Amino acid sequence: MNDLAIATDNLSKHYGRKRALNRLTVEIPRGGIHAIVGSNGAGKSTLFRLLLGLAQPSSGRSQILGRDSGALTPELRGRIGFVNEEHTLPDWMRVEAVKAMQQRLYPQWREDIYREVLGNFDVHPDQRVGELSRGERAGFNLSLALAQSPELLILDEPTLGLDVIAKRAFLEALMFIGAEQGGTIIYCSHQMEEIERVADNLLIMERGQLRSMSPPDEFRARVGYWIVDLPGNRPANDEIPGLLQARRIDDQHHLMVIDAGEHLQQFLRERGARVHSRQAVSLDQAIIGYLAKNHRTPDRNAR
Amino acid sequence: MIQISTGDSRPIFRQIVDSIRLQIATGELEPGTKLPSVRGLAMQLTVNTNTVAKAYNELTAQGWLESRPGLGLFVSKPRKLFSDRERERRLNEAVQQFINQVIGLDYDPDELLQRLERDLRALDIRSARSAGNE
């Protein structure tokens with residue numbers, strides 16, 4: 001058993017001509033809450049499907065809890081939980097019956113956890129799954145997943161469409177019940193506010209590849225917002241070191257940049273520019289700025 | 001009451017550090033007060049427990065909080081945070097700023113001093129903390 005929750009090596013997946021994953025190599029250690037962000041089509045859901053052995057890769061390898069995704073035993077599957085955005089459960093079944101079924105399937109079932117998590121949501125055992133609201137179904141689904149006490153819990157956009165109250169309850173259950181069992185949680189979301197609250201580790205994916213992996217605060221610290229006076233012709237975007245976004249507001253240039261301290265300073269000095277201010281940015285600004293930019297790899301920055 | 005907001009340019013752990021420091025400086029949190037547990041504050045704020053632990057570690061390293069094994073974290077007894085020289089420098093800076101601000105307001109120096117004295121006494125600053133009595 002190795003100490004990685006998941007590992008992929010040059011993992012690719014094509015759907016027809018579309019490349020969903022492009023030689024993705026990523027290793028996520030065990031423990032903690034890992035958030036994956038990326039624009040639509042970045043490959044997050046495809047990655048999950050491949051990891052769980054629900055789809056075959058076009059090339060490359062992936063492992064989950066130290067086992068090849070293609071060769072997962074029922075015993076190993078029992079140690080992995082998966083919650084998707086649809087919260088798919090049989091509509092016609094009653095809550096109690098779904099629970100009883102799951103309880104039989106998972107030997108390490110924790111009834112106390114099931115009750116504690118479900119207690120945050122207004123779900124009655126006699127209700128049919130089809131009668132539950134989206135938030136209640138999400139809560140029910142999370143209760144089932146956490147009660148299985150999985151070593152690894154994967155959640156694909158779990159809070160999509162939940163109201164603020166349901167979302168808060170969901171996050172609390174995830175952080176204070178899920179993460180404290182010592183398991184690993186990997187989840188993807190578009191909700192920056194959520195990521196800032198819960199994530200130990202932030203992964204940014206773009207076009208089927210991993211762009212960045214670090215604690216959220218470290219990523220945020222790499223990005224800065226500069227307001228400068230630039231005399232003469234405006235330089236082309238790819239001349240400005242580390243540029244993510246440039247806007248011209250009231251005759252001044254507003255530059256969002258990454259990893260750019262020294263180089264940008266020197267570049268601006270050579271241009272005779274004056275720096276008005278350098279500001280820190282919020283995590284959501286940093287992530288949005290990063291994803292909005294048109295692919296800029298570190299190599300191209302250096303040139 | 002500690003408040004944090006997401007979407008701020010300060011990381012959440014920094015907001016927690018700033019907020020607790022301010023409460024100690026204003027006396028809202030008195031020496032010897034017990035702080036919520038790491039998990040307790042994390043639940044109160046709906047943030048990751050590691051974030052709270054990081055803030056508490058920094059406050060402890062800076063001497064604002066102290067850990068009593070088995071009991072939890074407490075606001076430290078007042079102690080000196082700056083060297084004599086640094087205190088002197090900061091005081092000078094503050095006085096100069098004050099003078100620059102009020103010079104154009106055309107007050108008599110006696111009036112200014114009276115006003116200053118009244119406000120300082122009203123604050124009831126924990127002088128032990130700023131003067132240092134380690």
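The C-alpha centres of domain 1 and domain 2 of chain A lie 36 Å apart. Domain 1 covers residues 4–214 and domain 2 covers 219–302, with bounds that come from an automatic or database domain assignment. This is a predicted model, where local features need pLDDT of at least 70, side-chain atom pairs count only at pLDDT 80 or more, and totals for chains, interfaces and linings use all residues. Residues are numbered from 1 along each chain as its sequence is written, while chains are lettered from A and ligands numbered from 1 in the order in which they are written.

**Chain A overall**

- Chain A has 11 helices and 14 strands; these are DSSP runs numbered from the N terminus, with helices being H or I of at least four residues and strands being E of at least two.
- The C-alpha trace of chain A spans about 70 × 40 × 35 Å along its principal axes.
- Of its 303 residues, 40% count as buried (20 or more other C-beta atoms within 10 Å of the residue's own; exposed means 12 or fewer, partly exposed is in between, and C-beta atoms are placed from the backbone).
- A UniProt annotation from an unreviewed entry, "domain: ABC transporter", covers residues 6–232 of chain A; such annotations may be inferred rather than shown by experiment, and feature names are shortened, with positions given in the numbering used here.
- That span, residues 6–232, is 33% helix and 30% strand, and its end C-alpha atoms lie 51 Å apart.

- Nine residues of domain 1 of chain A are in contact with seven residues of domain 2 of chain A (contact means C-beta atoms, placed from the backbone, within 7 Å).
- On the domain 1 side, H7, S9 (201–206) and S10 (209–214) of chain A each supply at least two residues, and S9(A) gives the most, with three residues.
- The residues on this domain 1 side divide into four nonpolar, three polar and two charged. Here Ala, Val, Leu, Ile, Met, Phe, Trp, Tyr, Cys and Pro count as nonpolar, Asp, Glu, Lys and Arg as charged, and the others, Gly among them, as polar.

**A four-stranded sheet in chain A**

- An open sheet of chain A runs in the order S12-S13-S11-S14, with antiparallel pairing; two strands pair if DSSP finds at least two bridges between them.
- S12 (243–249) and S14 (274–280) of chain A stand at the edges with a single partner strand each, so one side of each has no neighbour in the sheet.
- From one strand to the next, the twist averages 20 degrees.
- S11 (223–229) and S13 (252–258) of chain A pair over six bridges, and the bridge partner of A:Trp226 in S13(A) is A:Leu255.
- Helix H10 (283–292) of chain A lies across S11, S12 and S13 of chain A, at about 100 degrees to S12(A). Axes are lines fitted to C-alpha atoms, for helices over the stretch in contact, and angles run from 0 to 180 degrees between N-to-C directions.

**A residue to look at in chain B**

- B:Thr60 sits in helix H3 (residues 49–61) of chain B.
- B:Thr60 counts as partly exposed because it has 14 C-beta neighbours inside 10 Å.
- Leaving aside neighbours within four places in sequence, B:Thr60 is in contact with B:Leu65, B:Glu66 and B:Ser67.
- The C-alpha atoms of B:Thr60 and B:Asp84 are separated by 22 Å, with the two residues 24 apart along the chain.

Conventions:
Two residues are in contact if their C-beta atoms, placed from the backbone, lie within 7 Å.
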